[in-house]
Amino acid sequence: MNSTPFQIAYVSTYVPKRCGLATYTHHLREAVAASKGSSAPDPVIAMCNADEADAYNEPWLYPLLKQEKDDYRRLADALNRSSVDVVSVQHEFGIFGGQAGDYLLEFLDRLKKPVATTFHTVFENPAEPYASVQAAIAERSDRIHVMNRKAVGYLHDHFRIPLEKISFIPHGAPVPNRRERTLTRQQYGWENRKVLFQFGLLGRSKGIESLLRALSKAVNAVPDLLYIIAGQTHPEVKKHEGEAYREELIALIAELGLEHHVRMINRYVPEDELVSLISACDLYVTPYPGMQQITSGTLAYAAGLGRPILSTPYSYAKDLVQGYDELLLPYGDTEAWSSKIIELFTYPELRAECEKWMSEIGRSMQWPQVGAQYLGLLERVVANKDWGMADVV
């Protein structure tokens, strides 16, 4: 436990905003605070739109309007005058204003405090304008944090970032609660079902149709299968086509005769409920078609909660299950997916073995461990920077 006052400012979206980055930063901040044993709240510069600013009314929350360039400079100046020791930037291109989020550079150019930047998106083959902006952010950061080992190589190869400047710490995940699993299965009527679970904002990039076709073959051998598709329609999808995609899926479910085997949870799922649902499932699935995805919060949660997974071999999934490649199946290969689902539910000992693997992988990803690792990273950033005492305002 660190008894020395050590203050961290986080720059990110933040709860109550409903986005994965906001949730991640909230849990990271709480885990780091628990690890350092400090009761003083660490400040958060919350990226937001004008209509969201009023939601940030805690004294340690400072809204930064995404499109207001002057706000970036003003808050950098305020941090420079503060007692903050280090700044943690949680980076996604879309949360910052300007072209490819380049307003963040206004902030970093003005900031005089040590900076650790977490890249939540790293491209295998970065294109402009994203490449130049990411390279500039990396240059202005004292340390880069990634949650996928492959991202270390991508950043080094494309931007010549020294390897010693990049740190891998896994995406955090909740600590499992076995009692909660039993209660949730009872609550949702899953006691006598073999449950596959998939969560995320609904859109055409999740591979759901492919898994439905695999399921239609698997249910003949495993008649008590139940596939849960949880999450509301993505706001951008809804804006352009309403619920047309969900209706297409419902029609496909009927066409395949899967009404008894598929349930859709069409609403926002609060995080505590999501954790309960993942804990209660028998197999977590991410049949995504896109192979470049560098992180997946829900797959990280499934691993941290010790649930068996089945996934396409996209970047984050491959990095997560290193050594257990039998959990990765080609996108669109309905024969391979149906065979694997049948195998896992026909031979419980195989699924138990998968659960054991994921529990071993997941232990290092739980928030207490991740918080301690991230705190250590920030402390090293400050120790390695020749930094004097900051003025307290």
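**Entry 1: the unit β1, α1, β2**

I looked up β1, α1 and β2 and found that they form a right-handed β-α-β unit. I noted the convention: a crossover is right-handed if, with the strands pointing away from the viewer, the path from the first strand over the helix to the second runs clockwise. The model is predicted, so I recorded that local features need pLDDT of at least 70, that side-chain atom pairs count only at pLDDT 80 or more, and that totals for chains, interfaces and linings use all residues. Residues are numbered from 1 along each chain as its sequence is written, and side-chain values use heavy atoms, with hydrogens and water left out. Helices (H or I, at least four residues) and strands (E, at least two) are DSSP runs, numbered from the N terminus.

I then took the helix of this unit. Helix α1 covers residues 20-36, which makes 17 residues. From its first C-alpha to its last I read 24 Å, close to the 24 Å expected at 1.5 Å a residue; the expected span is 1.5 Å times one less than the number of residues.

Which residues of α1 are buried? I listed Leu 21, Ala 22, Thr 23, Tyr 24, Thr 25, His 27, Leu 28, Arg 29, Ala 31, Val 32 and Lys 36. Buried means under 20% relative accessible area, exposed over 50%, and partly exposed in between (1.4 Å probe, protein chains only). As a general point, an α-helix has 3.6 residues a turn, so residues three or four places apart point the same way. Just after α1, Gly 37 has a positive phi of about 70°.

I turned to strand β2, residues 44-48, and found 5 of its 5 residues buried, so the strand is largely enclosed by the rest of the structure. Val 44, Ala 46 and Cys 48 lie on one side, Ile 45 and Met 47 on the other, and both faces are covered.

Two strands pair if DSSP finds at least two bridges between them. Strand β1 (residues 8-12) runs parallel to β2 and is joined to it by 3 bridges. Strand β3 (residues 61-65) also runs parallel to β2, with 5 bridges. Val 44 is the bridge partner of Tyr 10, and in β3 the partner of Val 44 is Leu 61.

**Entry 2: the cysteines**

How many disulfides are there? A disulfide is a pair of cysteine sulfur atoms within 2.5 Å, and the count comes to 0. The sulfur of Cys 19 is 12 Å from the closest cysteine sulfur, that of Cys 48, and this is too far for a bond. Cys 19 is partly exposed at 22% relative accessible area, whereas Cys 48 is buried at 2%.

**Entry 3: strand β9**

I next examined strand β9, residues 225-230, where 6 of 6 residues are buried. Leu 225, Tyr 227 and Ile 229 point one way, and Leu 226, Ile 228 and Ala 230 the other way. From β8 the chain crosses through helix α7 (residues 208-218) to β9, and this β-α-β crossover is right-handed. Strand β8 (residues 194-199) and β9 run parallel and are joined by 6 bridges; Phe 197 stands opposite Ile 228. Strand β10 (residues 262-265) pairs with β9 in the parallel sense over 4 bridges, and Ala 230 has Ile 265 as its bridge partner there.

**Entry 4: Thr 233**

Where does Thr 233 lie? I placed Thr 233 in the loop between β9 and α8 (235-241). Thr 233 is buried, with a relative accessible area of 6%. Its side chain makes a polar contact of 2.6 Å with the side chain of Glu 243 and another of 3.3 Å with that of Arg 246. A polar contact is a pair of N or O atoms within 3.5 Å; within protein, one must be able to donate a hydrogen and the other to accept it, and residues adjacent in sequence count only if both atoms are side-chain atoms.

**Entry 5: Asp 319**

Last, I looked up Asp 319, which lies in helix α12 (residues 315-320). Asp 319 is buried at 4% relative accessible area. A polar atom of its side chain lies 3.2 Å from the backbone nitrogen of Arg 149. Leaving aside neighbours within four places in sequence, Asp 319 is in contact (heavy atoms within 4.5 Å) with Met 147, Asn 148, Arg 149, Lys 150 and Phe 168.
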